[in-house]
Structures are given as C-alpha cells and as structure tokens.
Amino acid sequence: MKKEIQLIEDLKSRDEEAFEIIYNKYSKLIYYIALSITKNKEDAEEVVQDTFLNMFNHINSYTDKNKFKSWLMQIARNLSYNKVTRNKEKNTIKDEEIVNSAKAKNDDINLLLTIKGVLDYESSNIVILKIVYNFSFKEIASEYNMTVNQVQGIYYQALKKLKKEFRYE
C-alpha cells in the first residue's frame, strides 16, 4: 500500500487509483463527522461526496503533508456547518431514526452512535477518533488544542464509563 505522502502526490497528478484509496480510507470518518453535525443521513452522504470533490479540486493548494487527515476533516466540518446553515428550516431526523439507519448503513456507525449515547460530546469524539479511526493521542490533542495528557485522561475516563455502562447490560 502506498504511503499517504505518495498518494497525495498522485492525487495532484489526478490519479484515480489514489483518489479511490483515499476515499476508502477516510469516507467512514467523513460520514461520521458529517452525520454528527448535520443529524441528517442524506445531508451527511452529500457532505461526504462534496468533501472528496472539494479535496480533489483543491489538492494542488494542499501543502502540509503531515496533516492531510486534519485538512480533510476540516473540509468536512466546514461543509457540514454550511449545510446546516442552509437547511435550518429543514426537518432533521430523530435519534431513533439515526440509529435505525445506522444499523442498515454500517455496524461502525451503530457503534459510534452507541458511544455517543453513553458519553458526553468531547469524550465520545476522543474515543471514536482513537478506537475507530486510529488517531494517535498526539493527533487528537492537536485537533482539540489540548495536551496529550489531557486527551489520555479523558480517553481513559471514558473507557471506564463505557465498561461500567456495558457491564450491566
């Protein structure tokens, strides 16, 4: 498998295989980000497509080879917030509908929603980024403007809470 830096260079050359690899690697993460912001599965799916289209169209302006994942996540967050702003009057689906659609869509999404139901916003995001998307504590700390120790503390407290929650089910 190609290294991410090489994939980025290939993307700049409009390599479709590199695009497919990047898409497969990050599409679930981008969907999670979009769904958590828009609370609407159709909007989230649209944001995923728009994020990758935006990334592909602007890849030549990307320069920081070590922060690609963060750059892509920021595109997704911005597009998601834009979508919410434009669709304020639009009805959002209820939590139960999100859970039901997640079960049909993907087991990972179901896991994400379960975690979000037990933990507070910050803790759930840290756990999800660490466990599901394999972020390092350092990457998470950078994303949230925290120290690595703060992130680890939140992460381990959240794991204790999850263990406690699921021990009684």
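1. Lys 39 is partly exposed, with a relative accessible area of 38%. On the scale used, buried is under 20% relative accessible area, exposed is over 50% and partly exposed lies in between (1.4 Å probe, protein chains only). Lys 39 sits in the loop between helix 2 and helix 3. Its phi is positive, about 60°, although Lys 39 is not a glycine.

2. A note on the basis. This is a predicted model, in which local features need pLDDT of at least 70 and side-chain atom pairs count only at pLDDT 80 or more, while totals for chains, interfaces and linings use all residues. Residues are numbered from 1 along each chain as its sequence is written, and side-chain values use heavy atoms, with hydrogens and water left out.

3. Asn 145 is another residue other than glycine with a positive phi, near 50°. Asn 145 lies in the loop between helix 8 (137–144) and helix 9 (148–167). With 72% relative accessibility, Asn 145 counts as exposed.

4. Overall architecture. The protein has 9 helices and 0 strands. Along the sequence the pattern reads α-α-α-α-α-α-α-α-α. Helices (H or I, at least four residues) and strands (E, at least two) are DSSP runs, numbered from the N terminus.

5. Of the 169 residues in the protein, 40% are buried. The accessible surface comes to about 10100 Å², by the Shrake-Rupley method with a 1.4 Å probe; for residues, only the protein chains shown count as cover. Carbon and sulfur atoms hold 48% of that surface. Among contacts with a separation of 6 or more, 60% join residues 24 or more positions apart. A contact here means heavy atoms within 4.5 Å.

6. Aromatic pairs. The count comes to 11. Rings of Phe, Tyr and Trp (its six-membered ring) pair if their centres lie within 6.5 Å; planes under 30 degrees apart count as stacked, over 60 as edge-to-face and the rest as tilted. Phe 19 and Phe 52 have ring centres 6.2 Å apart and planes at 85°, so this pair is edge-to-face. Phe 19 belongs to helix 2 (residues 16–38) and Phe 52 to helix 3 (residues 41–58), so the pair ties together parts 33 residues apart in sequence. Phe 52 is buried, at 1% relative accessible area. Phe 19 is partly exposed, at 25% relative accessibility.

7. Tyr 155 and Tyr 156 also form an edge-to-face pair, with 5.0 Å centre to centre and 75° between the planes. Tyr 155 is buried, with a relative accessible area of 9%. Tyr 156 is partly exposed, with a relative accessible area of 45%.

8. Cluster and charges. Ring pairs link Phe 19, Tyr 23, Phe 52 and Phe 56 into a cluster. The charged end of Arg 14 sits over the Phe 56 ring, 4.3 Å from its centre. Lys 130 lies over the face of Phe 137, 4.4 Å from the ring centre. The rule asks for NZ of Lys or CZ of Arg within 6 Å of the ring centre and within 35 degrees of the ring normal.

9. Helix 7 (residues 121–131) has a buried run: Ser 123, Ser 124, Asn 125, Ile 126, Val 127, Ile 128 and Leu 129. Asp 120 caps the N-terminal end of helix 7. A side-chain oxygen of Asp 120 lies 3.1 Å from the backbone nitrogen of Glu 122.

Notes: Polar contact = N/O pair within 3.5 Å; in protein donor to acceptor, adjacent residues only side chain to side chain.
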